[in-house]
Every structure is written in C-alpha cells, then in structure tokens.
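Here is a short report on a two-chain model. Look over the sequence and the structure first, then read on.

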Amino acid sequence: MVEVKRKTMVLGLGFAALVYLVLFFYVFGFAPMITSSSQSKWVEIELSKEPKFSDTEICKECHYQLYIGMKNHSTVNCEACHGSGVEHTIKRSSDTIVVDKTRDACLKCHLDVEGRDVIETVNETHHAGVYCVVCHDPHR
Amino acid sequence: MNRRDFLKLIAGFLPAVALVRGQSAVDSEKSYVMVVDVNKCIGCGNCVVACKTENDVPMDFKLSRTWIEGYSIKEKIPIEESDIRKEVLSTSKNPFLDKSWIETTKGRKTFYVPKLCNHCANAPCVNVCPVYARFYTKDGVVLVDKDTCIGCKYCIVACPYGATFLHPEQKVTDKCTFCYHRIKKGLKPACVLACPTGARVFGDISDENSEVSKLVKENRVAVLKPEEGTFPRVLYIGLDSYVVE
C-alpha cells in the first residue's frame, strides 16, 4: 500500500514539474522569440506613418518676412495657432491652413484665468466684441 | 544528464531570458525623455488638439493620449478633499475657459499639469500584457503592437497613471508613442511643437548638451508616483504634491 502511494506521489510531482517547466519555457523562452519579429514589424509600421505637423523651419522658407519680424510670439511655433501644416506645404493654397481671426482664438491662451502667470492676459471686458487682430498684430 | 547538469542548464538559461525580453536598454545610443515645466503650462489645450490630429484619435472622444489636469486649491492646513477642485482637459473643448472655473479659482492656487504616458523603464503595462503586444524600443519608448493586441484591457488596469485607453474605432488599446514616427525623422512630438509657452521639452538625456539634460541638471525634477517603482521617462519641474493621480 505504501509502495503505491509513493509511486502516485512521484508521478504527480513529476507531472507538476513538467507542466511548470513547459509553461516556464513557453512564457520566458519561446513566446518572446516568436513575438519579437512581429514587434520589429510594428516598429516599421509605426515609422511609416506620415507626420501631419511640419516645423517652423519649413514655414520660414516661404514666410521669411513674418518669421524675422516676430517679437512677442517668436518662441511659439507657427502650427500652434495655424494647425497642422503638411498639406499646406504641398498645396501652398490659403484654404489648406487655419487662419482664425476670432477673439476665441486669441483668448484660448490670453484670457485672464488663474495660473497663467508666464504670459500677458486680458479680461473679457477688454474691448468686448472687437477682434483682437484689429489692434494687435500677432506676427509682431 | 544528471541533476547537477540540469540545474546548470537552467542557470545558464536565465540570463538569456533577460536578453530576449529586451528589458535592458544598455546597448542603445539614445534615451528619450520629456521634461514638463508645470509653472509654464497655461492650460490652453493646444497639445491635446495637436496630439489628437497627429495620431488619429477622435476629437470628441473623452480620452486622449495626452491631457491636462487643472488643480485649484484653497490654501489651508490641513487640506481636505473638498478644498481641491480638479478639471480635466481631454477634448477640443476647454473647461478652464468656463465661467464656473474662472470664478471658483479666483485668488486660489491654480496650476495645470500636462500628462501623458510616462514610458516607464519598468512598465506595468508591458509586464502584464498576455500576448506581448507591448514592448520597449531600443530608445526606451514603450509601443503597442496593434496587430497583436487583443483588447483585453489588462494594461488599462495595470497602468498607475491612466495613460492607456481603448481606441473607440480601432478597438485595440492606444497610448502615447512620443510620436515615434516624428522623433525618428528628427521632428519634435506634436504636443511639444504645439505648446506655445515651451512647457514641454523633449530630447535625449544621454546627450549631455541636449536641452533636457541642461534642464534636469539645473532644476529639481520629480516623477509621478515614484512609489510604484516604474521609473518614468516624463520628468516634472515644479510638481506639486497635491497631484496625487
């Protein structure tokens, strides 16, 4: 009777060890080897995506006068206000770039909200209803 | 093969496992980090709009790859939960321009914290992914292989920062990639480009002359939730301890 019990125990433990080892080798050994090829494939897919935002360096190729005349907004990238510009660099037409002259476009940053200490802010009552660009040129 | 040989074989296999999993970024030449200056953020939401445009996340969807948390705190000691007002900007609609926000924050300590995926060096989302869809690139960026991802959302539960979400159209998980397709072409990430005040700075920390290295050298930087042991790649200047999430 004792003999049989020991045999069962050895068999059971052996089976458990086998299952553990198979899982161990699968999880840490084989699966990463299989997936690493799909991961490098994904990196290539990721790199093949086309950027939608260009850079100020490219904008200044054509708009050089605006670029050198800039004082207050000289550290702000063009596309921060004008939106994505890759299409505009290809088609070079005025309908492919955002030119928002409304009050909201300026007040998005310059409205007097608490916590905006690093920039100049205005109250909503400051010449209410008049577009900011009537008096202030954002490119100066 | 006796038992000793077998154990030797196992012992020899363990370092190989560590190499295959690619956890170490020792052999890489670049190590990307983003430095966020909380003092400079004005909560305009340009980064959120730019990120959603660049990376095809629906503009009206309430989650985003990057978002801004606005905190307004009535200063007293001890501070209770009711003294902190928090709003999240994650769509093109800016809650910080609302009348209610402007009125309640008047005179209070108010600051805006831009948040994004922290690209942890020990990322919980990579550790829990059952199909190995999440992985580290050689530069330390954490990417999601969307062909392999099965959308089981384990990573959403595991991420301590809430930086990953289920893409409503692609039905797989999505998160910030540091604009991997842009930075590899030498461009800035879309959020860095769109930031009007320069609150976000992106660069290579292993290069001593880069802008981020200088910022890290000159300022005291902090990371979000250091107790999680994730070693984030997004470093904050002027971070306040009220930012618990």
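Which domains does the domain assignment of chain A give? The assignment gives domain 1 (1-49), domain 2 (52-98) and domain 3 (100-140). The bounds come from an automatic or database domain assignment.

## Ground rules

This is a predicted model: local features need pLDDT of at least 70, side-chain atom pairs count only at pLDDT 80 or more, and totals for chains, interfaces and linings use all residues. Residues are numbered from 1 along each chain as its sequence is written, while chains are lettered from A and ligands numbered from 1 in the order in which they are written.

## Chain A: overall form

Chain A has 6 helices and 0 strands. Its pattern along the sequence is α-α-α-α-α-α. Helices (H or I, at least four residues) and strands (E, at least two) are DSSP runs, numbered from the N terminus.

The radius of gyration of chain A is 32 Å, whereas a compact globule of 140 residues would have one near 14 Å. That radius is taken over C-alpha atoms, and the globule rule is 2.2 Å times the number of residues to the power 0.38. Along the principal axes, the C-alpha atoms of chain A fill a box of roughly 100 × 40 × 25 Å. The centres of domain 1 and domain 3 of chain A, taken over C-alpha atoms, are separated by 62 Å.

## Chain A: burial and contacts

Of the 140 residues of chain A, 14% count as buried. A residue is buried if 20 or more other C-beta atoms lie within 10 Å of its own, exposed if 12 or fewer, and partly exposed in between; C-beta atoms are placed from the backbone. Among contacts in chain A with a separation of 6 or more, 53% join residues 24 or more positions apart. Two residues are in contact if their C-beta atoms, placed from the backbone, lie within 7 Å.

A:Asp55 sits in the loop between helix 1 (2-47) and helix 2 (56-59) of chain A. Why is A:Asp55 partly exposed? Because it has 19 C-beta neighbours inside 10 Å. A:Asp55 and A:Gly85 are 30 residues apart in sequence, yet 8.3 Å apart in space, C-alpha to C-alpha.

## The A-B contact

Chain B brings 43 residues to the contact and chain A brings 32. Helix 2 of chain B gives the most to the side of chain B that touches chain A, with 4 residues. By class, that side has 19 nonpolar, 14 polar and 10 charged residues. Here Ala, Val, Leu, Ile, Met, Phe, Trp, Tyr, Cys and Pro count as nonpolar, Asp, Glu, Lys and Arg as charged, and the others, Gly among them, as polar.

## Helix 2 and strand 4 of chain B

Helix 2 of chain B is mostly covered, with 8 of its 9 residues buried. Among them are B:Cys47, B:Val48 and B:Ala50. The buried residues of this helix pack against helix 4 (78-82) of chain A, and also against elements of chain B including strand 4 and helix 7. B:Ala50 touches A:Phe53, B:Ala190, B:Cys191, B:Leu193 and B:Ala194, not counting residues up to four places away in sequence. Just after the helix, B:Asp56 takes a positive phi of about 55 degrees.

Strand 4 of chain B is largely enclosed by the rest of the structure, because 6 of its 7 residues are buried. It pairs with strand 2 (residues 67-73) of chain B in the antiparallel sense over 7 bridges; pairing takes at least two DSSP bridges between strands. B:Trp67 stands opposite B:Lys115 in strand 4 of chain B.
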